[in-house]
Amino acid sequence: MKFFNMIIFTVLLVGVSHAFQLKMSNTVPGNAPCAQICAGAKKGGWFSKGSGDTVYLQNDVNFSECGFKAGTRPVVTTTLNDEGAYAVGGNIDNFFSAANTGFQFEVLLGLSNDHYDRSDTVATANDKGWTINWTAVGYIC
């Protein structure tokens, strides 16, 4: 988390001390002067989801305070980390249902079996500080 905060601080410092230009790809149409970068981190709030043998952990990330224009979908990138030595496990992480106010994030944990307890997995994610670091780039007007 300290590293992430340092990156944000550096970006803000450079942005304040030097003029920079944000360009959006032509594959994301919009009004270029209205482009905005918004970043944050979501820690805690994990819950289990799944059916059958497939188990997911899910987290809802709200970035409505970024003020992206209604009806648009910003470009979102994510990383997932924790506070300790625990390997943020599972198979793959994904975000989906991105909108101008946020997105949902899932981690596929694998197949369930007799020894697998979903509530322990949710507790592990919350107790070990699994954190979704995100950056969204979109339009505010």
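This is a guided tour of one predicted protein model, arranged as a series of selections in the viewer.

Residues are numbered from 1 along each chain as its sequence is written. Because the model is predicted, local features need pLDDT of at least 70 and side-chain atom pairs count only at pLDDT 80 or more, while totals for chains, interfaces and linings use all residues; side-chain values use heavy atoms, with hydrogens and water left out.

**The whole chain**

Begin by colouring the protein by secondary structure: there are 2 helices and 7 strands. Here helices (H or I, at least four residues) and strands (E, at least two) are DSSP runs, numbered from the N terminus. Followed from the N terminus, the elements run α-β-β-β-β-β-β-α-β. Next, display the surface, whose accessible area is about 8,700 Å² (Shrake-Rupley method, 1.4 Å probe). Carbon and sulfur atoms account for 56% of this surface. Of the 141 residues, 28% count as buried, a term that means under 20% relative accessible area, with exposed over 50% and partly exposed in between (1.4 Å probe, protein chains only).

**The sheet**

Select β1, β7 and β4, which form an open sheet of 3 strands in the order β1-β7-β4, with antiparallel pairing. Two strands pair if DSSP finds at least two bridges between them. β1 (35-43) and β4 stand at the edges with a single partner strand each, so one side of each is left without a neighbour in the sheet. Now look at β4 and β7, which pair over 7 bridges; Leu 80 has Ile 132 in β7 as its bridge partner.

**The nonpolar core**

Select Trp 46, Phe 63, Phe 103 and Trp 134, the residues with the most contacts inside the largest nonpolar core, which has 19 residues. Such a core is a set of buried Ala, Val, Leu, Ile, Met, Phe, Trp, Tyr and Cys residues joined through side-chain atoms within 4.5 Å. Elements giving two or more residues to this core include β3 (54-62), β6 (102-111) and α2 (118-127). Centre the view on Phe 63: leaving aside neighbours within four places in sequence, its contacts (heavy atoms within 4.5 Å) include Phe 68, Val 76, Phe 103 and Trp 134.

**The salt bridge**

Finally, select Lys 49 and Glu 106, whose side chains meet in a salt bridge (3.0 Å, N to O). The term requires a side-chain nitrogen of Lys or Arg within 4 Å of a carboxyl oxygen of Asp or Glu, and the structure holds 1. Lys 49 lies in strand β2 (residues 47-51) and Glu 106 in strand β6, so the pair ties together parts that are 57 residues apart in sequence. Lys 49, at 36% relative accessibility, counts as partly exposed, whereas Glu 106, at 10%, counts as buried.
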